[in-house]
Amino acid sequence: MIKKITLVAALAAGLAVFSLATAGCEPEEEEPEVDEEALVAINDYVEEMTALLPGVKIDLQGWSKDPHSEDDMPFEYDEERRQWLREHREDIEAVRDRHLDTEFPAAEEIETWDVIIVRGDREWELDGGKWLTALDRLEDLVGEVTDVIAMILEEDGELDMDQSERVLELIEEIEPEIEAVRSVIFSP
């Protein structure tokens, strides 16, 4: 009988020591796994969309006005320019359709990313929250571009002063927004 008690007491003492030893050790949080295909999907989408938008800016700036008028506003877009804008809108939609499919990660996934990226001899930390903010900025810009093109087409190129001001604001936003997005996605 003494042997059993000693064994039970030794087991109890061992468990007490083990639980005390592990009490201060919290399990390490597992870093979220970053799917390489998801990174490539974002990279390709941003690369292609940001390369497309400067061409839209050029055609948005191509309004025509009576050469004898004192100012350039309100804007008028001829049929040829409206056709180019239609083609830009189709190109934007094609890029979205091609990239924003099942390979493109969900916002919740992107937000959890915190990994080290290595490109050539450069190395930096990828902050998923910052990437998500940059992608949101790009989507806002793309949305405004397609909305403005739709407005120009609906008005048959004959804009009023408020609409012309909206186009001017967009023209001024395109390049700085592209640079801001690219600086987060492509630079350390």
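Q: What makes the pairing of α2 with α3 a contact, and which residues take part?
A: Contact means heavy atoms within 4.5 Å. On the α2 side, Ala41, Asp44, Tyr45, Glu48, Met49, Leu52, Leu53, Gly55, Val56, Ile58, Asp59 and Leu60 meet Arg81, Trp84, Leu85, His88, Asp91, Ile92, Val95, Arg96, Arg98 and His99 of α3. By class, this contact has 12 nonpolar, 3 polar and 7 charged residues; Ala, Val, Leu, Ile, Met, Phe, Trp, Tyr, Cys and Pro count as nonpolar, Asp, Glu, Lys and Arg as charged, and the others, Gly among them, as polar.

Q: On what basis are these values given?
A: The model is predicted, so local features need pLDDT of at least 70 and side-chain atom pairs count only at pLDDT 80 or more, while totals for chains, interfaces and linings use all residues. Residues are numbered from 1 along each chain as its sequence is written, and side-chain values use heavy atoms, with hydrogens and water left out.

Q: Why are α2 and α3 called roughly antiparallel?
A: Their axes, which are lines fitted to C-alpha atoms over the stretch in contact, with angles from 0 to 180 degrees between N-to-C directions, come within 10 Å and cross at roughly 175°. Angles under 35 degrees count as roughly parallel, over 145 as roughly antiparallel, 65 to 115 as roughly perpendicular and the rest as oblique. The two helices are therefore roughly antiparallel.

Q: How many helices and strands does the protein have, and what makes a run count as one?
A: The protein has 6 helices and 2 strands, in the order α-α-α-α-β-β-α-α along the sequence. Helices are DSSP runs of H or I with at least four residues, strands are runs of E with at least two, and both are numbered from the N terminus.

Q: Why is Leu52 called buried?
A: Buried means under 20% relative accessible area, exposed over 50% and partly exposed in between, with a 1.4 Å probe and protein chains only. The value for Leu52 is 18%, so Leu52 is buried. This residue belongs to helix α2, residues 36-60. Leaving aside neighbours within four places in sequence, Leu52 is in contact with Asp91, Ile92 and Val95. The C-alpha atoms of Leu52 and Asp91 are separated by 8.0 Å, although the two residues are 39 apart along the chain.

Q: How do you know whether Val148 and Met73 are buried or exposed?
A: Val148 has a relative accessible area of 0% and is therefore buried; Met73, at 16%, is buried too. Val148 is in helix α5, whereas Met73 is in the loop between α2 and α3. Beyond its neighbours within four places in sequence, Val148 is in contact with Leu60, Arg166, Val167 and Leu170.

Q: What makes a group of residues a nonpolar core, and how many residues has the largest one?
A: A nonpolar core is a set of buried Ala, Val, Leu, Ile, Met, Phe, Trp, Tyr and Cys residues joined through side-chain atoms within 4.5 Å. The largest has 46 residues, and Leu53, Leu60 and Val167 have the most contacts inside it. The elements giving two or more residues to this core are α2, α3 (79-99), β2 (122-127), α5 (128-154) and α6 (161-186). The largest share, 13 residues, comes from α5.
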